[in-house]
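Please keep the display in view while reading.

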Amino acid sequence: MPTQTTQSPGPLATSTRPALSGRGLVKRYGAQHALAGVDIDIQPGEAVAIVGPSGSGKTSLLHVLAGILPADSGEVLLAGTRIDHLGEAKRSELRRTEFGFVFQSGMLVAELSAEENAALPLLLGGVSRGQALADARQWLDRLGLAGKGARRPGELSGGEAQRVAIARALAHQPSVIFADEPTGALDTRTGRDTMNALLGAAAENGAAVVIVTHDRDLAESVPRMVTIRDGRIATGVTGS
């Protein structure tokens with residue numbers, strides 16, 4: 001297991017409260033409601049897939065919960081502490097320390113090696129370069145990329161690049177990982193393997209995972225599935 005180089009979330013990790021909550025979340029774009037009063041709880045270590053048709057509000061919900069977008073009204077709570085009213089600097093700090101992100105395209109830095117990409121959150125958090133790279137290599141090894149740390153994104157397959165993004169999301173041991181269509185650019189088998197790698201590594205580290213996806217089969221493989229339509233939670237069911 002990678003060496004612990006950053007402080008753990010402390011009370012955030014041991015709290016019996018939900019890891020992340022949304023209360024009465026409203027988000028508008030002009031006259032249109034992207035979110036129309038959403039309530040949701042994500043428990044510590046829980047994996048949740050949010051599904052719905054295009055324009056249903058699922059990506060807006062992820063962005064509001066992650067502090068990327070402010071809600072027009074409502075509250076977002078991290079382990080019971082309200083975070084939606086924080087300024088951009090504080091929200092950016094939370095995204096760097098408590099949250100991890102995996103996007104459809106990976107969003108790796110083309111000029112950096114795989115291990116440098118995976119080490120970015122640690123480097124931004126003040127960890128020495130040598131230690132950050134050593135930890136990044138251990139994460140890459142755990143995700144099946146041993147010996148590929150020196151390769152740049154253009155030298156990796158789509159699945160390999162997405163595993164680098166997963167290593168980057170987990171490197172600083174966040175409380176919550178947000179994954180926005182993480183397998184959308186991958187073939188079915190590679191996508192399934194990549195998702196298993198994400199969920200397995202997150203579970204080992206006690207991180208909650210919030211996944212937005214159009215892939216119903218993928219969503220049904222996640223322990224909990226939430227459907228959103230017209231900016232409202234339509235149903236919450238247990239996946240297969």
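## Terms and basis

A residue is called buried when its relative accessible area is under 20%, exposed when over 50%, and partly exposed in between (1.4 Å probe, protein chains only). The model is predicted, so local features need pLDDT of at least 70 and side-chain atom pairs count only at pLDDT 80 or more, while totals for chains, interfaces and linings use all residues. Residues are numbered from 1 along each chain as its sequence is written, and side-chain values use heavy atoms, with hydrogens and water left out.

Helices (H or I, at least four residues) and strands (E, at least two) are DSSP runs, numbered from the N terminus.

V210 lies in strand β8, residues 208-212. This residue counts as buried because its relative accessibility is 0%. Contact means heavy atoms within 4.5 Å; beyond neighbours within four places in sequence, V210 is in contact with I42, V48, I50, L62, V176, I177, F178 and A179. The C-alpha atoms of V210 and V176 are 7.4 Å apart, although 34 residues separate the two in sequence.

## Helix α4

Helix α4 (residues 114-124) is largely enclosed by the rest of the structure, because 8 of its 11 residues are buried. Among them are A114, P121 and L122. The cover over these buried residues includes α5 (129-142) and α6 (158-170).

Just after α4, G126 adopts a positive phi of about 95 degrees.

## The open sheet

Four strands form an open sheet in the order β2-β1-β4-β5, with antiparallel pairing. β2 (32-42) and β5 (81-82) are at the edges with a single partner strand each, so one side of each has no neighbour in the sheet. Two strands pair if DSSP finds at least two bridges between them; β1 (residues 20-29) and β4 (residues 73-78) pair over 5 bridges in the antiparallel sense.
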